[in-house]
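Good morning, and thank you for joining. I shall present one structure today, beginning with a helix and its packing. Please take a moment to look at the display.

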Amino acid sequence: MQRAVTALLDQLAPEKVLKRGDTLSLDVEQHRTPNGCVLQAPTAAVSVSWFPKSGKDTPLGELHVVVWKGVVSRRGRAANPEGAKVVKELVVRPIEAPLDDCVWRAIDGTKFDTDALAARVIALLEEQI
């Protein structure tokens, strides 16, 4: 499961190695965390957080995608006085023994492979921008 989570995070917010003189000029800032990522646009954000198995309801864990309006505060940074508001949430769980390429299932039954889930996360952010 960890490989599927890492593959998703690598698509959304790849680890960056900057050399001296390199600059980033993105409309969407990509911030990687040990168990997820945050994609921050000027007026909206999406956070993706992986929670490993935590009981019998989630034997393989679950992934939480939260769409935010505003600027999300990150650890080590000054809090945004206006804060960010949750607009939408998507929770997906890994499929234990997938019969096809789909390895994620949303609470509503929608199935995603890693590429489709990454595209869905980007689409959710674009809806708010």
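In helix H1, residues 2–12, the buried residues are Ala4, Val5, Leu8, Leu9 and Leu12. Buried here means under 20% relative accessible area, with exposed over 50% and partly exposed in between, using a 1.4 Å probe and protein chains only. Helices (H or I, at least four residues) and strands (E, at least two) are DSSP runs, numbered from the N terminus.

A word on the source: this is a predicted model, in which local features need pLDDT of at least 70 and side-chain atom pairs count only at pLDDT 80 or more, while totals for chains, interfaces and linings use all residues. Residues are numbered from 1 along each chain as its sequence is written, and side-chain values use heavy atoms, with hydrogens and water left out.

Returning to H1, which residues do its buried residues pack against, by element? They pack against strands E1 (29–33), E2 (36–40), E3 (44–51), E4 (62–69) and E6 (104–106), and against helix H2 (114–128); contact means heavy atoms within 4.5 Å.

I turn to the aromatic rings. The whole structure contains one aromatic pair; rings of Phe, Tyr and Trp (its six-membered ring) pair if their centres lie within 6.5 Å, and planes under 30 degrees apart count as stacked, over 60 as edge-to-face and the rest as tilted. Trp50 and Trp104 form this edge-to-face pair, at 6.0 Å centre to centre and 80° between the planes. Because Trp50 lies in strand E3 and Trp104 in strand E6, the pair ties together parts 54 residues apart in sequence. Both Trp50 and Trp104 are buried.
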